[in-house]
Amino acid sequence: MLRFLPKLLLVATAFAPVMVTFAIVFWFDSQRYLALGLLAGAVVAVIACVTVINLAAKQLSINTVVIKSIKPADKEIVGFVLAYLLPLARGTQFDGVPMFVVLGVFFLVVMTSNAYHTNPLLGLIGYHFYEVTIEDVGYTLLSRRNLHNTKAIKSVVSLTDYMLLDVTKVK
């Protein structure tokens, strides 16, 4: 469960900007309670995700690693930006069902493909996503630090099968 929950929350927070965009659409369509509910949902998703990340850092077993390569993980940003803007492509009338179906399919694809590391809300609060290689296996590394050197990463915990959390103590 502790492996599924971080993944679900990382995907949910990656899609939280879609909730914010829908909230804006609903606000201007005079559906203010729905708009406020979506904004609250986005905030709750981010808080829950950060809470689970912090718990994982404290409770999961820490592994020492040797990173072979590191680079920023932001290549899927265009697809996410399109998903974020999709609620605005509504023409003169909002028809939510097809849009929710498209977003639902996109959510499932992201959830099952391990492509959820484009996460602007976590980025706003100081998290960075990196592609790293350990023993010829690629992972996504989540860190609160700006990393430019593979030697800066010494300890990680495994959040999901392919998502690691940097827990290296900085001196």
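Helix H2 (16–28) and helix H3 each give two or more residues to the patch, and H2 has the largest share, with three residues. Trp-27 has its place in helix H2 and, at 35% relative accessibility, counts as partly exposed. Here buried means under 20% relative accessible area, exposed over 50%, and partly exposed in between (1.4 Å probe, protein chains only). Accessible areas come from the Shrake-Rupley method with a 1.4 Å probe, and for residues only the protein chains shown count as cover.

Residues are numbered from 1 along each chain as its sequence is written, and side-chain values use heavy atoms, with hydrogens and water left out. Because the model is predicted, local features need pLDDT of at least 70 and side-chain atom pairs count only at pLDDT 80 or more, while totals for chains, interfaces and linings use all residues.

The protein chain contains six helices and six strands. Helices (H or I, at least four residues) and strands (E, at least two) are DSSP runs, numbered from the N terminus. Read from that end, the order of elements is α-α-α-β-β-α-α-α-β-β-β-β. Of the 171 residues of the chain, 40% count as buried. The chain exposes about 9,700 Å², of which carbon and sulfur atoms supply 65%. Among contacts (heavy atoms within 4.5 Å) with a separation of 6 or more, 64% are accounted for by residues 24 or more positions apart.

The six strands form an open sheet with mixed pairing, in the order E1-E5-E6-E4-E3-E2. Strands E1 (63–64) and E2 (69–72) stand at the edges with a single partner strand each, so one side of each is left without a neighbour in the sheet. Two strands pair if DSSP finds at least two bridges between them. E5 (residues 155–158) and E6 (residues 163–166) pair in the antiparallel sense over three bridges, and Leu-165 in E6 is the bridge partner of Val-157.

In soluble globular proteins, nonpolar side chains tend to be buried together. A nonpolar core is defined as a set of buried Ala, Val, Leu, Ile, Met, Phe, Trp, Tyr and Cys residues joined through side-chain atoms within 4.5 Å. The largest such core has 18 residues, and those with the most contacts inside it are Leu-10, Ile-53, Leu-122, Phe-129, Leu-142 and Leu-165. Helix H1 (4–14), helix H3 (32–59) and strand E6 each supply at least two residues of this core, the largest share, six residues, coming from H3. Leaving aside neighbours within four places in sequence, Ile-53 is in contact with Leu-10, Leu-122, Tyr-127, Leu-142 and Leu-165. Another core, of ten residues, lies apart from the largest one and includes Val-65, Leu-141, Val-156 and Leu-164.

Helix H1 is mostly covered, with eight of its eleven residues buried. The buried residues are Pro-6, Lys-7, Leu-9, Leu-10, Val-11, Ala-12, Thr-13 and Ala-14. Val-46, found in helix H3, counts as buried at 12% relative accessibility. Its C-alpha atom is separated by 7.7 Å from that of Leu-9, 37 residues apart along the chain. Not counting residues up to four places away in sequence, Val-46 touches Thr-13, Leu-121 and Ile-125.

The structure holds three salt bridges, each defined as a side-chain nitrogen of Lys or Arg within 4 Å of a carboxyl oxygen of Asp or Glu. Asp-136 forms one with Lys-68, the closest N and O atoms being 3.1 Å apart. Asp-136 lies in the loop between strands E3 (128–134) and E4 (137–143) and Lys-68 in the loop between E1 and E2, so the pair ties together parts that are 68 residues apart in sequence. Both Asp-136 and Lys-68 are exposed. A salt bridge also joins the side chains of Lys-71 and Glu-131 (3.7 Å, N to O). Lys-71 lies in strand E2 and Glu-131 in strand E3, so this pair ties together parts 60 residues apart in sequence. Lys-71 is partly exposed, with a relative accessible area of 47%, whereas Glu-131 is buried, at 17%. Asp-166 forms a salt bridge with Arg-145, with 2.7 Å between the closest N and O atoms. This pair links distant parts of the chain, with Asp-166 in strand E6 and Arg-145 in the loop between E4 and E5, 21 residues apart. Asp-166 is buried, with a relative accessible area of 11%.
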